Amino acid sequence: MPQPLVSPPWVIALAVLPASGLSAQTATAQSDETRAIVSEMLADAESRSALVDAPPATGYDRGFFITGDSNAFRLSINGMRSFRYLLNARDDAAPDDLSHGFQTARTRLSFAGHVVDPSWKFFILTGFPPGGSSRLFEAQIKKELDTHWSVTLGQFKLPLLYEWLVTERQLQFVDRSLVENRFSQAYSQGVMLSGAFDSFRLHAAFSDGLRSSGTDLVNDSGEPLNADWAATARFELKLDGAWAQYADFESWRGDAPLLVLGAAIHAQDGFDITSHSDRRILRWTVDAEWKFLGGDIFAALVGSHEDFAAGSADLFGVVVQGGLFVSDNTELIARYEWGDLDDTGALGQDLSILTLGVNRFFARHALKLTVDAGYAFNPVDAPWTASLRGVLPDAPGDDGQIFARVQFQVLF
């Protein structure tokens, strides 16, 4: 434990002794003055010692936290653990029509807080995908300029698809849609300006391009890994409710209604990390989230015009999903998604999938069980598939597929 900042005893003793050769009256006056000085020194040392020895505040408030006595510094730690079982049945698939197994879906750790003062914020999200190797997802510094405006630097989610912007800790289904998987912005490196007001929010970002997390300027072969330029903007209009309700898809019983409309656009030119080729991309989306009396409906339309060496393509996707609480802790959920690859897929088939399921909340999102199952009305083309979400590619002539998923989630 740190020691009080006081002088050694022999220094104080010498200071209070009267000097030899002085008159008694002079010595007494000097001694009184010296004692006053020493008293001030001791009081100052005691106050400094109290500051040094003051323990930091710790506890749990939506995460484990530690903060200094003056709140100049704060660190919050959160975690996530989800475990799922997947089953997929396809017609005449090789080598087996039935594929199933357990999956360590998501293991996440996040570190958030502020330094110097609460206006300088940081956020780091890391974790372990099913493969087991560690990965850095987000690493950002955010400066709040005033009560409305802020600037974010680092690696973060570009402000494009709302379905991706909702954290994976608070998803309505076992996983996001296949439309999101094909059109998602994922994580990117760049800078973003954000404005938050009572009835609307807006974001504008300049970045290395879609899915450019952790990229260098070039790879070992000298191939560029970033777009020449990329810009993203999103606007959200709140017509009813509170912004805090917009963080997830659930309409909890007892909550007020919510209605938010959103629109976003992204443009980039140069190297595209997804196709590993030069590509000009103009991607856009419009979406709406409506919550009412224990029920909710989310709908999104996304389009992407892409120019590349062999020509161009116009891709589209639609997602409509919703939920209804039949008790305080049980929610029925349904989702339909459709997508068109403009004949750029091997099968040339539109995506058409219906998914039904149920959520059982033991402590809202902190402890929940999700069970859902889906049917693909058309054969699923390879660009739509996502094995981690339980959907596999079909072969020509197949009749689609059935998938089922069970997931248990713990947050801390």
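Which residues form one aromatic cluster? The cluster consists of Y162, W243, Y246, F249 and F298.

1. Basis of the note. This is a predicted model, in which local features need pLDDT of at least 70 and side-chain atom pairs count only at pLDDT 80 or more, while totals for chains, interfaces and linings use all residues. Residues are numbered from 1 along each chain as its sequence is written, and side-chain values use heavy atoms, with hydrogens and water left out.

2. Aromatic pairs. The structure holds 21 aromatic pairs. One of them is formed by W164 and Y187, which are edge-to-face with 5.3 Å from centre to centre and 75° between the planes. Rings of Phe, Tyr and Trp (its six-membered ring) pair if their centres lie within 6.5 Å; planes under 30 degrees apart count as stacked, over 60 as edge-to-face and the rest as tilted. W164 belongs to helix α3 (residues 162–165) and Y187 to strand β8 (residues 187–196), so the pair links distant parts of the chain, 23 residues apart. Helices (H or I, at least four residues) and strands (E, at least two) are DSSP runs, numbered from the N terminus.

3. W164 is buried at 10% relative accessibility, and Y187 is buried at 4%. Here, buried means under 20% relative accessible area, exposed over 50% and partly exposed in between (1.4 Å probe, protein chains only). W243 and Y246 are both buried.

4. The structure holds 18 salt bridges (a side-chain nitrogen of Lys or Arg within 4 Å of a carboxyl oxygen of Asp or Glu). In one of them, E236 is joined to R201, with the closest N and O atoms 3.0 Å apart. E236 is in strand β10 (residues 227–240) and R201 in strand β9 (residues 200–207), 35 residues apart. E236 is buried, its relative accessible area being 3%. R283 and E306 also meet in a salt bridge, at 2.9 Å from N to O. Because R283 lies in strand β13 (residues 280–292) and E306 in strand β14 (residues 295–308), this pair ties together parts that are 23 residues apart in sequence. Both R283 and E306 are buried.

5. A salt bridge between loops. D328 and R253 form a salt bridge at 3.5 Å, N to O. D328 is in the loop between β15 (311–325) and β16 (330–340), and R253 is in the loop between β10 and β11 (258–272), 75 residues apart. D328 is exposed at 54% relative accessible area, whereas R253 is partly exposed at 44%.

6. A salt-bridge network. R84, R106, R108, E168, D175, E180 and R389 are linked in a network of salt bridges.

7. Nonpolar surface. F73, V115, V116, W120, I141, L153, V191, F206 and W229 make a nonpolar surface patch of about 850 Å². Patches are made of residues with over 30% relative accessible area and no salt bridge: like charges are joined within 9 Å, nonpolar side chains (Val, Leu, Ile, Met, Phe, Trp, Tyr) within 5 Å. W120, in strand β5 (residues 120–128), is partly exposed at 37% relative accessibility.

8. Negative surface. D92, D96, D97 and D399 form a negative surface patch. D97 is in the loop between β3 (74–90) and β4 (98–114) and is partly exposed, with 36% relative accessible area.

Methods: Areas by Shrake-Rupley, 256 points an atom, 1.4 Å probe, with all protein chains shown as cover. Lys, Arg positive; Asp, Glu negative; His and termini not counted. Charge placed at Lys NZ, Arg CZ, Asp CG, Glu CD.
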